[in-house]
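Thanks for coming. I will go through one structure today, starting with a ring and ending with helix packing.

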Amino acid sequence: MQVFESAKSLWSAILQQFRWDSHSLKRNMDELEVLFSVFLAIWVAHCLNVENIGWAAFSGYMVLRSHIVDTCIRGTLRILGTLAGALLACWIELHISKTLWLNSLVLAFFSAFSLYFAMTSRYGYAWLFFGLTFAMVIIDGLMYPFVDMSQFAKTRSIEVIAGTLACMVVSLFFSYIVRPRFSLTANRTGLAEIAKFAGYRKLTLIHTAQAALAIAVVPFLIQFFSVDLLTQTAITILAVLMIPLPGLNNKKLVSTRNLYRLFGCLLGAALAFILLPLGGLNYICAALVIALGIIIGRHIENSGQAFAYVGTQLSLVYIVVMVPDQLNLLSMENGWIRLAGIVLGIILIELTRLVFMPLQHFLAEQK
């Protein structure tokens, strides 16, 4: 009942963002910029003939920031993290057996390792993508034990690089040509310092141990679920549990992020389901439909409210569905898979929280 009331309040707050007085030139310009970034990423990915166009579109969406310097920093960290995670996973795949227990331990250790530094380092975005890419390659290797994972790692890296570079080009264009014409300026944030506090190491280790336990279960589910679903499960675990250090003292933060992630995914899937028939008519309709969903998601994300994460998730699941490798492959299947993977990830997070909650409470009382 409490979850239902929270979802109802959240929906009402989101609707308020689409009132006329919530729009501004700066906000609308950012939405236009992210559209250019995503479409250029899609075009570049098609030119390079990559296997997964959606991953390039993801990067085109996620890397973009208002200031060109912030975009370049974020893009560089994303690329470096992806390359490092892919290379390490491929090397490990060559030197360990395909047993579930061993892969589970390796996956748990490096996921916790990356999450710890993602939360405590100024270069946290690179550490996050190190862990995400590492998990994807390991899980894919378990599903296809006789396939060379270097090809998967290579194509995923190319997709991320293509989307990121496209995003940087668009950010450069808007920063020096478009925004000055409208007298719009952007604040540069750079690499922010991490707000650390006494005893943060212990709390962070417990928090990352929770992630390790949750993600260690994933390899044992290979026989029950598809690789795409389990990849989304691993991504959900790492993405939701990557919280600001002060958030370790907030008992409700992870549950709130779970709610936002699930709610955004549901909204994106529902919107994609409604607009899917129009997107399949022709390329012009497909482009218009993609643009509509991305603008809606970005508008929520730019609200400046606590629920901005809903907009991010709406956009990402919408891109999963509406940006196929070929227009004739347009289907809701990818959206349902992402939704199912997120639900499974949330379940694993909440179950492991029950294990670690007493210890977290004890450490909090000791401070």
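Is Phe 113 buried, partly exposed or exposed? Phe 113 is partly exposed, with a relative accessible area of 32%. The cut-offs here are under 20% relative accessible area for buried and over 50% for exposed, with partly exposed in between, using a 1.4 Å probe and protein chains only.

Before going on, a word on where the values come from. This is a predicted model, in which local features need pLDDT of at least 70 and side-chain atom pairs count only at pLDDT 80 or more, while totals for chains, interfaces and linings use all residues. Residues are numbered from 1 along each chain as its sequence is written, and side-chain values use heavy atoms, with hydrogens and water left out.

Now the aromatic rings. Rings of Phe, Tyr and Trp, the last by its six-membered ring, pair if their centres lie within 6.5 Å; planes under 30 degrees apart count as stacked, over 60 as edge-to-face and the rest as tilted. By that rule there are 15 aromatic pairs. One of them joins Phe 113 and Trp 127, edge-to-face, at 5.5 Å centre to centre and with 80 degrees between the planes. Phe 113 belongs to helix 5 (residues 100-120) and Trp 127 to helix 6 (residues 124-143), so this pair ties together parts that are 14 residues apart in sequence. Helices, by the way, are DSSP runs of H or I with at least four residues, numbered from the N terminus. Trp 127 is partly exposed, at 24% relative accessibility.

Another pair is Phe 273 with Trp 336, which is tilted, at 6.4 Å centre to centre and 50 degrees between the planes. This pair links distant parts of the chain, 63 residues apart, with Phe 273 in helix 10 (residues 253-279) and Trp 336 in helix 13 (residues 333-366). Phe 273 is exposed, with a relative accessible area of 53%, whereas Trp 336 is partly exposed at 43%.

Back to Phe 113 and Trp 127. Both belong to one aromatic cluster, together with Phe 109, Phe 110, Tyr 116, Phe 117, Phe 130 and Phe 134. Ser 114 is also in helix 5, and it is buried, with a relative accessible area of 2%. Leaving aside residues up to four places away in sequence, Ser 114 touches Trp 127, Phe 130 and Gly 131, where contact means heavy atoms within 4.5 Å.

Two arginines sit over rings. The rule is that NZ of Lys or CZ of Arg is within 6 Å of the ring centre and within 35 degrees of the ring normal. Arg 257 lies over the face of Tyr 309, 4.4 Å from the ring centre.

Next, helix packing. Two packed helices are described by the angle between their axes and the distance between the axes. Axes are lines fitted to C-alpha atoms, for helices over the stretch in contact, and angles run from 0 to 180 degrees between N-to-C directions. Helix 6 and helix 7 pack at about 145 degrees, with axes 10 Å apart. On the helix 6 side the contact is made by Met 136, Val 137, Asp 140 and Gly 141, and on the helix 7 side by Met 149, Phe 152, Ala 153 and Arg 156.

Helix 3 also meets helix 7: their axes come within 7 Å and cross at roughly 35 degrees. Here Trp 55, Ala 56, Ser 59 and Gly 60 of helix 3 meet Arg 156, Glu 159, Val 160, Gly 163, Thr 164 and Cys 167 of helix 7.

That brings up cysteines. How many disulfides does the structure hold? It holds zero, a disulfide being a pair of cysteine sulfur atoms within 2.5 Å. The sulfur of Cys 72 has its closest cysteine sulfur in Cys 167, 8.6 Å away, which is too far for a bond. Cys 72 is partly exposed at 28% relative accessibility, and Cys 285 is partly exposed at 23%.

Last, two loop residues. Most residues other than glycine have a negative phi. Asn 49 has a positive phi, near 60 degrees, and lies in the loop between helix 2 (25-48) and helix 3 (53-62). Ser 183 also has a positive phi, near 55 degrees, in the loop between helix 7 (149-181) and helix 8 (200-216). Asn 49 is exposed at 67% relative accessible area, and Ser 183 is exposed at 66%.
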